[in-house]
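Visitor: I would like a close look at a single part of this protein, taken slowly and with the terms spelled out.

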Amino acid sequence: MTDEAATGANAAGRLVLGATPMGDIGDASQRLRDALGSADIVAAEDTRRTRALAKALGVEITGRVVRFDDHVETAKIPALLGDIEDGLTVLLVTDAGMPSVSDPGYRLVAACVERDLPVTCLPGPSAVTTALALSGLPVERFCFDGFAPRKSGQRREWLRTLITEPRTCVYFEAPHRLADSLADAVEVLGPDRRVAVCRELTKTYEEVVRGTLAEVAAWAVDGARGEITVVVAGAQPKSADPADLVEEVEALTAEGLRLKDACARVATANGASRNELYDAVLAARRDHAE
């Protein structure tokens with residue numbers, strides 16, 4: 001563990017993470033404006049968009065602007081670390097929102113921490129917290145899972161981890177995959193789980209669609225455009241009697257699922273013991289045979 005405040009007192013250089021507007025230019029903080037105009041180096045996910053942002057804010061970037069996106073992030077880190085060690089201020093900005101939150105930045109922050117170089121943050125817009133606030137779902141506890149997996153099989157495996165997750169979950173989704181993603185969620189999490197799909201947050205066509213997974217999945221079939229953030233309610237605690245779940249297991253086995261796999265799926269979804277459910281199924285089969 002390091003004392004960053006003490007470290008910063010001995011070094012002029014530092015890394016500054018700057019949150020940028022997601023859409024509404026009015027969300028830019030005064031601190032971001034000042035940093036854009038004074039930083040020695042502006043590391044930008046898209047240099048053209050950053051220059052356009054500065055122009056819209058009436059700010060002249062006097063420092064050097066360098067590209068810092070997913071494709072060059074690793075290669076650019078050594079040079080930026082050297083600049084900070086030489087006493088320069090590096091401002092890191094992404095296209096929208098907070099750097100390092102499903103955007104470039106994490107590796108640079110980690111590298112600075114490793115070298116005991118000062119890191120500070122200019123707080124501001126974040127799609128994660130904005131969507132949570134607008135969702136209408138319980139948000140005392142939540143988890144953030146970045147972008148949902150692209151392929152259906154991997155996405156379903158990920159969704160299964162949410163079957164018993166009590167916290168509200170936030171994730172990003174591409175608009176052209178939203179309908180398929182929600183359809184998978186209906187099958188894995190059930191049609192009645194509450195969800196909010198937040199589209200184009202802070203922009204002209206901002207839209208929040210709330211309802212059950214089945215309802216929102218039906219809405220998504222017609223297509224959705226723009227930046228998408230999905231908020232899924234956490235699982236409700238369950239305490240099921242294994243005997244009451246036998247029919248559900250048998251329905252899955254009738255579809256071709258192995259008994260052990262069917263027991264595992266049903267037990268996980270209902271907070272029951274896999275072994276006890278397996279025994280209950282075998283006991284029911286014996287009773288039926290007799």
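Visitor: How many bridges join strand β2 to β4, and do they run parallel or antiparallel?

Guide: This is a predicted model, in which local features need pLDDT of at least 70, side-chain atom pairs count only at pLDDT 80 or more, and totals for chains, interfaces and linings use all residues. Residues are numbered from 1 along each chain as its sequence is written, and side-chain values use heavy atoms, with hydrogens and water left out. Strand β2 (residues 41-44) is joined to β4 by 4 bridges, and the two run parallel; strands here are DSSP runs of E with at least two residues, helices are runs of H or I with at least four, both numbered from the N terminus, and two strands pair if DSSP finds at least two bridges between them. Within this pairing, Ala43 stands opposite Leu92 in β4. Strand β1 (residues 14-18) is likewise joined to β4 by 4 bridges, again running parallel, with Arg14 opposite Thr89.

As for β4 itself (residues 89-93), 5 of its 5 residues are buried, where buried means under 20% relative accessible area, exposed over 50%, and partly exposed in between, with a 1.4 Å probe and protein chains only. In a regular strand the side chains alternate between the two faces of the sheet. In β4 both faces are covered, with Thr89, Leu91 and Val93 buried on one side and Val90 and Leu92 buried on the other. One of the residues that Thr50 touches, not counting those up to four places away in sequence, is Val93, a contact meaning heavy atoms within 4.5 Å. Thr50 lies in helix α3 (residues 47-56) and is buried too, with a relative accessible area of 4%.
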